Amino acid sequence: MINRNLAKILSKRYIILASVMFILALGLLFLPTYEKNETITAEDLLAQVINPERYITSDVLADKIINKDPSIVLVDLRQEKEYSKYTLSNSINIPFENILNEDYEGYFDQDQYEIVLFSNENFTSDQAWLLLTRSGYKNLHVLKGGINEWYNTILNPSKPTEDMSNEAFVLRDFRIAAAQYFGVGIKRPEQKVIKPKPKKKVVKKVVPIKKKKKRKPEGGC
């Protein structure tokens with residue numbers, strides 16, 4: 001019953017989010033035309049909006065960073081104050097309100113790199129993605145869940161449970177290794193060492209042997 005209720009809630013949230021994204025996509029079509037704009041149609045924009053491939057998960061991104069993938073550029077959309085406190089490795093800071101500023105056009109007007117946009121969550125990154133896509137830029141991705149999801153999966157992975165699948169254990173081992181790579185030490189779960197129970201010492205009872213008394217010979221000289 002709980003699972004059904006949860007599914008209903010998630011379904012409603014998905015419908016609401018999809019509706020908001022659809023309205024934003026249509027609204028962006030009526031924005032003033034930029035020089036870079038390549039006249040994207042409403043159908044093309046909507047197709048890109050609902051395409052899950054525009055998202056990149058924390059696990060995939062962590063793997064790319066660890067392996068020093070030269071094909072990605074990370075763009076932190078938060079304010080400089082938040083950026084200075086914590087951000088992802090080698091990311092550049094372009095606050096959301098400056099995303100269409102000509103000073104940053106060179107980062108987006110290219111086809112050699114995959115741009116990964118991120119904020120604390122999805123909403124700001126989705127807005128930036130829509131604005132940039134509407135302006136004709138390509139190779140754009142959004143870090144799914146943003147910094148919050150990054151923290152929960154990479155920097156603070158969940159504890160293992162007994163019913164975890166082998167794939168889940170492998171994924172958690174990767175996340176622990178990734179956390180250590182990014183400077184967060186997480187102790188691996190110690191394997192339980194089953195010590196053999198000490199054997200009880202059997203104390204042998206010593207039964208004293210009674211010596212038989214010698215009988216005196218009867219009679220005599």
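The model is predicted: local features need pLDDT of at least 70, side-chain atom pairs count only at pLDDT 80 or more, and totals for chains, interfaces and linings use all residues. Numbering runs from 1 along each chain as its sequence is written, and side-chain values use heavy atoms, leaving out hydrogens and water.

**Helix α8**

- Helices are DSSP runs of H or I with at least four residues, strands are E runs of at least two, and both are numbered from the N terminus.
- Helix α8 covers residues 166-181; its 16 residues should span 22 Å at 1.5 Å a residue, and the end C-alpha atoms agree at 23 Å apart. The expected span is 1.5 Å times one less than the number of residues.
- Arg172, Arg175, Ile176, Ala178 and Ala179 are buried in α8. Buried means under 20% relative accessible area, exposed over 50%, and partly exposed in between (1.4 Å probe, protein chains only).
- Asn166, Glu167 and Val170 are exposed, on the face turned away from the buried side of α8.
- The cover over the buried residues of α8 includes α3 (58-66) and α7 (146-155).

**Nonpolar cores**

- A nonpolar core is a set of buried Ala, Val, Leu, Ile, Met, Phe, Trp, Tyr and Cys residues joined through side-chain atoms within 4.5 Å.
- The largest has 18 residues, and Val75, Ile99, Phe108 and Leu117 have the most contacts inside it.
- Two or more residues each come from α2 (42-49), β2 (72-76), β4 (114-118), α6 and β5 (140-143). Helix α6 gives the largest share, five residues.
- Another core, of 16 residues, lies apart from this one; among its members are Ile65, Phe118, Ile147 and Ile154.
- Isoleucine 99 is in contact with Leu77, Ile94, Phe108, Ala128, Leu131 and Leu132, leaving aside neighbours within four places in sequence. Contact means heavy atoms within 4.5 Å.

- Aspartate 126 is in helix α6 (residues 123-134). Aspartate 126 is buried, at 4% relative accessible area.
- The side chains of aspartate 126 and tyrosine 55 form a polar contact of 3.0 Å. A polar contact pairs N or O atoms within 3.5 Å; within protein, one must be able to donate a hydrogen and the other to accept it, and residues adjacent in sequence count only if both atoms are side-chain atoms.
- Glutamine 48 lies in α2 and is partly exposed, at 33% relative accessibility.
- Glutamine 48 touches Ile40, Arg54, Trp129 and Thr133, not counting residues up to four places away in sequence.
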